[in-house]
Each structure stands twice: as C-alpha cells, then as structure tokens.
Amino acid sequence: MYILEGEGVTKYFGGLAAVDGVDFRVDQGEVVGLIGPNGAGKTTLFNLISATYSPKPGIIRFKDIDITHKKPYQICRMGIARTFQMVKIFGNLPVIENVRAGAFFGKSTSVSSANATKDSLELLEYMGLSQVANTPARDLTLANQKRLEVARALATKPELLLLDEMMAGLNQAEVAGAMQLITSIKDRGITIVMIEHVMKAIMNVCDRIIVLHHGKKIAEGTPQEIATSESVIEVYLGEDHHAGSE
Amino acid sequence: MPESIVNILDIAIGGLLLGGIYALIAMGMSLQYGVARVLNFSHGEFIMVGAFSTLTLYTVVGINPLICLVIIGPVIFLIGFLLHRTLFHQLSLRAPNADAYAASSILASFGLLFIIQNLALLGWGADYQAYTYLNFGVSIGGAIFSANKLVILGFSIGIGLIFYIFLARTRTGKGIRAAAQDPATASLMGVNINRVLALCFGFGAAMAGIAGVLYSMRIPLNPAMGTQYTIIAIIVIVLGGLGSIPGAFIGGLILGIIGEVVTSIDPSLSMAAYYFIFMLLLLVRPKGIFGK
Amino acid sequence: MDTTRFKSKGFYIPGIITLIIFAGLVTLPLFGSLYNVILITTLLMYANLTVSWVLFSGLTGYMSLATAAFFGVGIYASALFLPITGAELPILVVVLIGGLASSIIAFGAGALTLRLRGIYFTIFTFGLVVLIMELLNWWELSVNKILNRYIMLVDNNYIFYVMLGLFVLVMLTFFFIRRSKFGLAMRSIGENEEAASHMGINVTMVKIVTFAISAFFMGATGAIWATKLSYINPHEAFKVLISFLPVLMAIFGGMGHIYGPVIGAVIFAYLQETLQTKFSEIYMLSFGVVLVLAILYMPHGLVGLIQKVWRRISGGKRVHT
Amino acid sequence: MKKRLLIILIGICVVAMMAAPLIMTGCGEEKETTAPTTQPTTTVPEGKPADYYTKEYILIGASRPLSGANAPIGDAAYGPVMKMWEEKVNADGGIFVADYDRKLPIKFIIYDDATDIGTMVRLTEKLILEDEVDLLFSACGTAFISAQAPIANKYSKLLITAEGGATTMRESLPGLPYVFVSLPFSDHYQLPVFADMCAAKGAKTAYIISIADLHGVEYGGVANMEFGRVGIDVIANKSVPITYTDFSLLVKEAKAADPDVFCVFAYPPIVLPVTGEMMAIGFNPPAVIMGPGANFGFYGLSFGGDPLVVEGVTCFAAANSKTSPEFAEAFAALEELVGWANLDWWGAPYYLPLVEIIEQAIVATGTLDNDVLRDYIATHHFDTILGDTYFEMFGEGGGLMVKETHPGEIGQWQNGIVEIVGGGDWPAVVLTSEWVYPKPDWPAP
Amino acid sequence: MLEVSNLNAFYGNIHVLWDISFTVKEAEIFALIGANGAGKSTLLRAISGLLLPASGTITFLGQRIDHLSSNEIVELGLSHIPEGRKLFTEMSVRENLEMGAYTKPAWVQKAETLKWVYEIFPILKEREKQLASTLSGGEQQMLAMGRGLMSRPKLCIIDEPSNGLAPRLVLEVFKVIKSLRDQDITILLVEQNVKHTLETADRACVLENGRLALDGTCQQLLDSEHIRKAYLGL
C-alpha cells in the first residue's frame, strides 16, 4: 500500500493544463522531492493533493482511500498537512494560537483545550519557537514564520506532510537547520513530500525525486539518477550538466 | 400599426430609454469602483447635487439645462477630484491592505452621504421642487416617448462613447485603464497613480452630476432622493460586472428592459424583481454578465 | 491579543467592574428615571446589534450588511405574533421566534452566499435587506392586503430587562466563543481562510453557524425592540441604515477588544441622540463629519485610541496587544 | 499589569457612560425640586400648580422629520403653521392660563426623527418624560402618527394629529382617548364625494395607480368601493413601489385603457413625473385626480413655472383664499412665511384650526393639565377659521374632526389656483368654483 | 549612474533589507543575484519608488530618488521591467507598448521608439493587435521588455526575465540584454539563473537574507568558493 498515490492527475486552468496526466506514488516514511522550473505545476499538484482543487480527470488515493473529491478540512483530518509557498500564517494571532488551531482541528476526534495547549507548547519547543509563543505571528522573521507553518502543520498530527518551498529565502545556516528539521520529522515516522529549489537540500534530504515540466512528469528517481538524467539536465539544470540553481 | 406591436415597441424602446438613464447613473459609480476602488454610497448624492444645481440655474438664473451640463459637470468633477485627493487618498495611505481600504472607503462614502444630504437640506430646503424641460412627446413607430427621455438616452450613449474613446485612444485614458488593471505596474510606466485615481473619482462624480442635470428634467427633487439611485447603480454595476464601464452601460440597458417588462406584468413587483435578479446574478455569476 | 487566557489573575478586576455595571443596570429602574430606562434600552439595542455583528463579521472578516434584514425579521415576528389585540403568545416566546426565524434565514442565506468573498458578499447581504423588504411589501399588499401592523405596547421596564438579558447573553456568547475552540476557528478564517481549511477547520460550517448565531441575536433584539415601535410596516421594519450603524459603531469602538463594540455602540448611539435633540438642524451633517473623522483618525477605534493614550501615559513603552 | 489597568480604564469609561445620563437627570430633578425653595417667602396658592411662580412658558414638543424622506412633507405645511402660531401668540405676550393667573408665552422643542419610527418613538418619550412638555404636537405622516398615538395615549398626553389620517387609524381611535385626528382621509368624505361628482358627470370608467404603502392601498381600495357604489367600472388598480422612478409605461397603459377618470394616489415623487409623462404623451382623460402632492403650490409650478399648465387637474383640497376672509388672511400670512410654492390647500385648512382649538381650550379651562384639556376638547365646539369646529368622539376613545366642519373635500386647478369644487352638502362647505369636466387639454409644448 | 547606499527597508514589520550599498556604472550589465526571498525584488521596488525605504539614499544620475514616486522616477530615465511580466492583459500588444511610453517625453516620440522596439522584437509587430493575455510565455516576456524600453530608459531594471521560460528562450533573452548594453543602455539585472547571469553580466552582487553578501566582477564571483557552492551546486 502506498501512502499517497495519483493516477493521471490533470488540472486545466482555462485551456491550459497546469498539471497534465501525472502519476505518482509515495511510500510510507519516504521523503520525496518535487522539482521543476517555475510554472511546471508543482504547487498546483500540491493544491490537488490537499484538495484546494479537484483533479479532472484523475484519481488521488491516500492509504488506498479515494480522496479525489474530499474537502480540504477532510483531507487534513485524514492525516495530510501542508505548508504554503507564500507563508499563510494567522498574522494577528499569537504564535501559540496558530499552533493550537492546528492541534484543535487537525483530528476528527475532539481535543481538549488543555491537551491542545500542551501539544502546542511541546511543538513550539521542538521547533525552537517557545520564546516567541505569545508574539503575534506577523512579527516573526521569515524563517520563523516558515517554522511556525511547519509547527502548525505538525500540530494536526499528520501522517503525510507537504512542504512547499520551505527553504526559499532562508540563509545558509537556516537552510541547514531546515534540513535537520526535515530529517527529524522523517524520524518521527511522517512521510514528506517537498517542493524545493535549493538543490543542496533536495539532493541531501530526499529519498526520491519527481521532476515536473510543463505540467508533465519528466523524470523520477533517486537524487543520483536525477542529477545524471539527460532530460532533467536539458530542461532544468542547464544544458552544460551543472546543477545550477534555476 | 397594430396595437400589440406598438405595445412591444413601447416596452422595448421604453426599456432602452429607461436603461439609458440607469446606465448614466451607473457608469460613474462603476468607474469609481473599477479604478479608484471606492464603492461610493454617496453616488446618489452627487446626482442630487447635480439636479438641484440645474434647478437653481434654470429657474433662478434662466440657464438652459443642457448648458448647465457644461457648468455643473466640471464643478462636480472638481469636487470629486478634491475629495479623492484629500479624504480617500488619506484613507488609502492608512489602510493596511486592499480589503481594509474597501471597507473604510465604503464607510467614508456613507459619511459623505450624510454630509452632502444635510448641506443640500440647508441650502435648498427640504421641500419638493421640480421643473420640466423638453417634456413633449416624440413618436417612434407609433409609440410615443417624451423628448427629454430621448435626450437622456442620447447623452447617456454620447457620454458612454466619448468616455470609451477617451479610455481607448488618449494617453490619460490608457493610463486609467492600466491603473485599473494593475496600479503598481502602471506607476512603473510613469502613470501618476494618485492623480489618475483622483481623476477617475472626479469623472465618476461628474457623470453622477451630469446624470442629475439630465434627470432633473423629469423628476421632482428633494435632498433625500439620492439613495434610491445609489441602489439602482449598485444593481446595475453588479449586473454588468463590477468596475466594467461597458458592462455598466449594457447592464443599465438590460435592467431598463427588465424593469419595463416586469412593470407591464405587475408594477408592484418591479423593485423586487430588480433585487431578485441582482442577487441571483451575484450567486450564479458574481463577476457580472460581462465579467471574465 | 488573547494572552490573558494564560493568566487567570487578570480576570478579577474587569470581572468586578463588569459585575458593578451589571448590578447598576439590573437595578436601574429602581433609581433611574423612566426615560433613562428607555434611553439605555436603546443603547443596549445598538450594543446587541453591534456585538452580534462583530461576532460574525469582526471575527471572520466577512463584512455583512444583512443586520437590518435579521433585525427586521425579528420586528416582523413581533408584528405577527404580538398584535395589539389578540396577542396570544408570551413575549419571550415571540422574542425566541424572532431570533429563530432570523437564524433560519441566516442559515439559508449563509449556505448560499458564504462562498462569495469580499465586496460581493457585502453587496449580497445589502441586497438581502432590500429584497426581503420589497417581497414582504408585495406580499402584504397583494396577498394579505395589510400593510400596517400594530404591535402590543409593553411596559418599558420589561423591554429593558429583556434587552438587558439579551445583552448579557450576547456578551457571554461573544466572550465564550472568542475564547473557545470555535472562536479560534473563526479568527483563523478571518486571518487566512485557505490556511484554516487546510488545518482541518470546516470553514463553511463555522461561517454558517456563526452567521446564524449572530442573526439569532439580531432577530431577538428586533423582536423585543418592535414592542417599543407599536406600529410597523415593511419599510419601517427593514431600514437599510440599521445595516450600517453596527458596522460604524464597531469601528468607532474598535474591534480589537471585547469591550470595543460595546463602547462604540453606547457612545455612538448616545452621540446620535444628543445630535438629534441638541443640533437637530445639522444632525446628519455632524453625524457624517464624526463618521469620516473617526474612520480617518481612529483606525483602531476608541479602544485603540485609549490604548494609545495609555501607552503614552505609561511611559511610551510598547505594549504587545 | 498594564493590560489590567487598561481594562479598568475602559470599565470606568463604560460606567461613566452609563452613569452620565443618570447624573444629568439627577441634577435636573434636583433643580426642579429646589426651585420652589428658592422663593421661601411665598408659598404656592391653594389649588395652583407647583410651578406657579417659576413657570416661564408653555412648553410644546414635537418630533419632526427635519431630514430624510418625510422632510419635504414635514417642512411644507404643518411646520409653518406651528411657526406662525408661535410668532403670533408670543407677539401677543402669550396665552392666558388661569392656573398661573398670567399670560405664558409658548416655546417649541423640535427634535429631528430623521424619518425613522424608532427614533420618533424614543424622542416622543423623551419629550414627555425628560423634557416634560406641556403639550405634545404630532409627528408627520400616517405611519408615524399610528406609532405615536399609542404612546401619547399611554402617557395621557393630548395628541391632536396633523399630517395623517387613515381608516385604520379611525378603527383604533376607540382605544385611544387622547388622540384627535384632524385630516380627512379616503372614505372620510373625500372619495365618496369625488365618486359622486364623477357619476354626476357621467363618467363610466376609472383607472387607478396607487403607491405600495398604507396610503396608496387605502385610497386604492376605497376608490374601488366608491366607484363601484356609483356604477363606475374600475379598469385597473395598479400599485407601484415607493422607490420606483419611471412611469412612462404605466401612463401609456393607462392611456391605452382610455378611462374617464384617472386616479394617482401617491406622493410628489410619483405624482409629478406621472403628470409630466401624461403631458408628454398627451394622455388627457376627462378627470384626473392626484394626491397628496397636487394640492400644493409647487405642483402648479413644476411644469415650466406656470400653474396654468396643470389646468383642470383635480386634487384633495379643503379651502383657499376665496373660502372666507379669515382664510384669505391665513393663506396670505402663510405665503409670506413659506412662499406660494408651499401653500397647501388640503392640509393647511385643517392644521390652522388645531392651534386655535388648543389655545381656546387652554384659555377656557385655565390649565395645562392634559386630562382636563382632553375632556374639554372632546365635549366642546370651537370657533375657528373653519367656523364651528368639533370632534366626533368614539365612545370613551379619541376624536375625529367631523365632516360638518369641512369647508370642502375636492379641489381643482383653475386659472392657476386650486379652486374648491366639491364637498357634499354639509353646513360648512364653501365651494369656490364649478368642477370642470372634462378637463381641458394639456397645453401644447 | 545608480548609487544605493546604506539602504534599509521594511515589509510590514519585517526588516527586509539591511544596509545595502552598491553602485551601477554607465553602460554595464550589473547583476543582482540571490535566492528566492533574499530581498531582490524588494530592493528593486525600493529603487523604482514602489516602496519607501526606511533609511539610506538612492541616487540616479546625481539626483536623489529615494523619496520620489515611481512615475517621477520613470521620467528621469529609469525603467523597471517587473518580475512576472505584469502585462496589462486586457490591452493589446500595441497598447501595452504604448503604455511603456506613458511619460510625456517618451509619448511624443513613441512612433519612433515603437519602430526600434519592433526591430528588437519582430514577433511583437506580428502580434500587434492581439490581447497581451493571448501571447505565449516567451512572447509575453518580450512584450514586457519591449514595454520597458518604450520609455527610452537610460537604466533598465530587469527582474527575473528567464522565469518560466524554456532554455532556448532564456538564451534569446540574454542575447537581447547584451545587445541593449551595446546600445548604451545600462542594465540592472536580477536573476536566479546564476550561471547564465554571471556569464552575461559585467559586475554583480549577491544578496543573502536581505544583506549584501558579495560583490565584484562576474569573473571574481564565478571563481568564489561561496558562489560555486551555494548557487552553482559545484
């Protein structure tokens, strides 16, 4: 059983196919990277998995359950959490409330207020955000806002976590921290699918990489396979075989 | 001609004429919303001011209402321009985001409604006043329509066309269109956004004023009359797609025809029909008939 | 803002003040003049509408102009069930009916419209008021052939207590919702609806339920308010201005704090009364000017202003709010 | 810590807000109770009111639509009558009140209800409870009076109403002993008289447009009945929403129906455009009755500034300058105050006697006690501008100015003024001209 | 030509740019590179007047421009071709170009300029009457650049021109940029495509987390260990 599986997932905007017949499979416990040039359809694919849109045509299954026509909140309660390319934190709420919101609603079973608070404080500790627990989220640095988004997603106790460009805009040290974080989340037994442009992170963290281009899947494989794949180099890495940042 | 054809003509042409009035009322509001992003609830008050000014100029000074257009239009334009430069510009500076500006500008325009209405009350008094102009019948294919209505439709089309050409052809017009689509990029092209927004607010106000000048030939005036036209304008611009000027024009015509058809069936349902269509459209096609 | 929940000590003093105010209000008819009771009933009516409005719009960020519709439905409930002769239902039951009828309409309207965003939602709710009014007018005129309805006059003190009771209820609801899981969901929606839905919040359900709760209080307030009017018709029951006043009052008071809308409503309504009686010739003018100035210079309302002044006094140190 | 202080501050503000009115009234009450003690040397004579020495004027309160939709109505007729009376009485030194053994000038408190019933109700209670007015003058419009009447009644305040009358109000009068209605309304001899007039001229068909509110529904309904009584066939009875603005199609349909009598029971925003449209398309039925609105000077001036244009339009009207020398004087005075455009030949003749009735009742009873005044007005005849004026009482309830005091019911524009052309055959009726039927053509543009 | 010194800027409450200083010399291609979110676009917005800097100065042709509005800055001869093209999608290709010549001096000679732009981008002439929204991605980028040139700029800021373009088109775009430099138009280029950029530009600086990390000639940067590791993946 795959934890996540897509068959012929397609999404048109106007007349244009943003995602075009993509098949994908994600195993339990894997870290899968999703790469491709801007406009390749990576975020759209995330939006399809997390039910912002419904694929048409195409089927998406989560642990063998068809989730093609579910609503975002149902998807979340089933155990898929996500972050956003442009951070979408609740800026005017204190950091702790952001996480508590995730803790409260992420699961279909009801959570007591005390438990939600306890879990949230633990998560903030884990993410290194305890000092700013009562600060309005909008006052955090970008790196911390991104961590907060991850914390909020983790608060929903997901089995699958979708990370959308988590490293974008982070400096070297922060990228290193984020990579560590991803590894440690993986160690908690959470499967991760991540969109990322920072190649160093992708190459080091991912077990497997899927490459999208113009909405189509053009390659899939281990980081080594991808780094040497002719077609990937052609469209993405640059024609002279160097893994340049796009 | 057989009577039924005359009747259909009555409804069809009558609807167009009524629609011409609605279009005139709505175009200015559409412009103000489409470019300046102000849903101006005091729009009707500008109509009222235009109408009262005409009445005063015509009955006291003896200036022909059509000449009043040339006087009142620019004056109200200036008022609108300055209002945007001061009040709404300040609001936009203070608003943290577009939604906050939308809300605060609605409320400010509501405040303006009160202020203008009270000033009119102090200046012109509360009583009904009216005059009529060009109030004689003109026959179109056997159906008779009052001349002032034809004049209003003419001006409505004329103003719509002139403005359309202005937007399509002139430098400022293109600047306005660009600003409506993407203010930041337009300013990168050299468009002085603040000036263009104020211009548009002024043009919108002037159109309301002109609508008031023209419509005052037909209706009795009092300071509280504006609100119902604001509501009609809102219906029309939703019908035509918020912010679209051709939409407002055609939306006005469509509403006019709907109005005449419903009136011919049961006049007491006419206003309810307007609101019903308007809300149905909002649900089915919030972007309006012509929205993309 | 809501950090107080972790410091329960902070509740004593405001709690005591609230109790004192409450005690003062409960005993008002004993020591206040009858007109004071009437005036404060009016202020409470506005406070009820404003807090109900903030309950939905303030928290979720959807600006509703449907207040007059729900208020009017409440008024009409009274007109139907508390006629001047032959009223058979107890007043409190009618108040309940008014509230329920409003929330049913809100539930339906909400299910239809809450997918509209921003200005479209606002315009729709605005249209709802006039549509209900026109349809009702048509119905009364063509079907019932009754346009004017007389409502039983009720003792002013009784109205006051019902209004006060509703006020306490709406405040408690607001207070507990704000502090509850549900309130957190609403504020999440207000902050970022998309993120909220991806965190397991059933945004549609939360919005509709809140819309209905807020409409309940508006309707109930309308139902008891109607007994003061003694006579209504559709045009008088559904006044568009009633849709705008709570918005203005909430902004005037400031929505950042639970007391903001109450203070806004009370001061605003009192100001309105003063202007109408002391400067009746220029009532609208001064009202409009106050409105524009308030929007321009008090973006966070009276409470924001007080907080700002307070910060100045307390040595200019920044306080996180 | 600071947050807590802040909350306290806010709390104090709320308390202050709540307490402010209490303190203010507290002070007010104090002043009033201490007032007599400031004159310790004199005690109030037996049987005289407590403010025997301190009363400065007769306080009259009214909640009027100074702004909003009803402002034009409130500003046109009744307001000026009040103003005129105030000037006249005060120039004379006031009204002699026996209770005080001296003349007391009158003073008005007028609040703006902004054409809102809720506000009007509250302001009425403020006038009664807070300002303690001696007399309450009526609000404007049938709906508003309908709401005000039960309240005046509840506080035992005499309420002689002006701009409003309806069969529904008459129905509720038996339960409202303090309420007196002066303005005639649909079946109160206006439409019966008009129907008889039409029948006498041989009219066969009628077409009715009425506004979709209380006024329109009632007039439309009664007209239906009355035309039926005299054998006139009502072809259509169309009702239009208050906010509707274009009447071309309606007028055309009416024209196509070719009625003998065309009725428009609506307000000026409808009456004026309908008239304009009739002129434009040349719809000229033998009889055209319109109102309220056509009974004002401005109606005549609205179509090119010359009232000759509306020659032959019929309206509701009670009296004009020709009715009597008193009316000539009164209309001249009113014209000076508000201009010819705001003269009202229907309302003013009934508002003018109201103040006379009140004044005479005060002088006769020597008191401002509303119960005494009410009983006096209920049981006495008055000599007013209308002549012998009195109210028909409904059992223990309120009163309705009887038709016998009406100088006329129906008016018609003739030679630029409204002539009184119809009014039954009761004693007070003074017709100033013959009803012209069919009406002359509209003048060519 | 353009001098930025000690520039600080905020986005809401977030401090985005920290003490940025650099200069662009006449008739060169100066590149600004850095990761997504490093603050490049914010810097450009500050230069072209869309964002008011908190402190620091920006001088263009000897004139302080940090408190001018963007329309005034365009008139001085600084054109900003924004990221994501930002075309006026409801206008035709030609109208978009005309918008580029909105400033009064440029408007007068727009016919002439148009010819020149059509020479650089012949495809735009073919598409003249089409709505901008109907163009392909590459054509849209060309239109955006053409529009930016219509104001006859002395300095052209180009933000992420290769974004979302196929490799063949990327090369094309860089060729055009070089040819502009050869026509004495100074270019301030912002790119994520570090390799291409450094091969095209004369000098460059690197923005990291809102701070200037490195600057120098392109060759220096290409040789720098930091760049090779962080941006070229070598």
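Which residue follows α9(D), and what is its phi? Asp258(D) follows that helix, and its phi is positive, near 50°. The model is predicted. This report goes through its chains, one interface and several single residues.

## Which chains touch

Six pairs of chains touch, and chains C and D make the most contacts among them. Chain A and chain B do not touch. Their nearest C-alpha atoms are 11 Å apart. No contact joins chain A and chain D either. Here the closest C-alpha atoms lie 14 Å apart.

## Chain A as a whole

Chain A holds nine helices and 10 strands. Its C-alpha atoms fill a box of roughly 55 × 40 × 35 Å along the principal axes. The radius of gyration of chain A is 18 Å, which agrees with the value near 18 Å for a compact globule of 246 residues.

Of the 246 residues of chain A, 56% count as buried. Contacts in chain A also reach across the sequence. Among those with a separation of 6 or more, 65% are between residues 24 or more positions apart.

The size of an interface is often given as the accessible area lost when the parts come together. Between chain E and chain B that area is about 2,000 Å². Carbon and sulfur atoms give 60% of it. In chain E, the residues that lose the most area to chain B are Asn71(E), Phe88(E) and Tyr102(E). Together they make up 32% of what that side buries. The contact takes 21 residues from chain E and 19 residues from chain B.

How many salt bridges are there between chain E and chain B? The count is two. Arg177(B) forms a salt bridge with Glu95(E), and their closest N and O atoms are 2.9 Å apart. On the chain E side, α2 (70-75), α3 (93-100) and α4 (104-108) each supply at least two residues. The largest share, four residues, comes from α3(E). The residues of the chain E side that touches chain B divide into eight nonpolar, seven polar and six charged.

## An exposed residue in chain E

Asp182(E) lies in helix α8 (residues 167-182) of chain E. Is Asp182(E) buried or exposed? At 58% relative accessibility, the residue counts as exposed, because the cut-off for that class is over 50%. The side chain of Asp182(E) makes a polar contact with the side chain of Arg181(E), at 3.4 Å. Asp182(E) and Leu97(E) are 85 residues apart along the chain, and their C-alpha atoms are separated by 22 Å.

## Buried parts of chain D

Helix α9 (residues 248-257) of chain D has seven of its 10 residues buried, so it is largely enclosed by the rest of the structure. The buried residues are Ser248(D), Leu249(D), Leu250(D), Val251(D), Lys252(D), Glu253(D) and Ala254(D).

His406(D) is found in the loop between β16 (399-401) and β17 (410-414) of chain D. His406(D) is buried, with a relative accessible area of 0%. What does His406(D) contact, leaving aside its neighbours within four places in sequence? The partners are Pro184(D), His188(D), Tyr350(D), Met401(D), Trp426(D), Ala428(D) and Val429(D).

## Backbone exceptions

Most residues other than glycine have a negative phi, and most peptide bonds are trans. Some places in this model depart from that. A cis peptide bond joins Lys56(A) and Pro57(A), with omega about -5°. Pro57(A) sits in the loop between α1 (42-49) and β4 (59-62) of chain A. In chain D, the peptide bond from Tyr437(D) to Pro438(D) is cis, with omega near -5°. Pro438(D) is in the segment after β18 (417-422) of that chain.

Asp64(A) is not a glycine, yet its phi is positive, near 70°. Asp64(A) lies in the loop between β4 and β5 (65-66) of chain A. At 48% relative accessibility, Asp64(A) counts as partly exposed. Ala114(D) has a positive phi of about 50° and is not a glycine. Ala114(D) is found in the loop between β4 (106-112) and α4 (117-130) of chain D. With 22% relative accessibility, Ala114(D) counts as partly exposed.

Terms used
Residues numbered from 1 in each chain as written. Chains lettered and ligands numbered in written order. Predicted model: local features only at pLDDT ≥ 70, side-chain atom pairs only at ≥ 80, totals over all residues. Heavy atoms only, no water. Contact = heavy atoms within 4.5 Å. Buried area = accessible area lost by both parts, 1.4 Å probe. Salt bridge = Lys/Arg side-chain N within 4 Å of Asp/Glu carboxyl O. Nonpolar A, V, L, I, M, F, W, Y, C, P; charged D, E, K, R; others polar. Rg over C-alpha atoms; globule rule 2.2 N^0.38 Å. Buried < 20%, exposed > 50% of the residue type's maximum accessible area, 1.4 Å probe, protein only. Polar contact = N/O pair within 3.5 Å; in protein donor to acceptor, adjacent residues only side chain to side chain.
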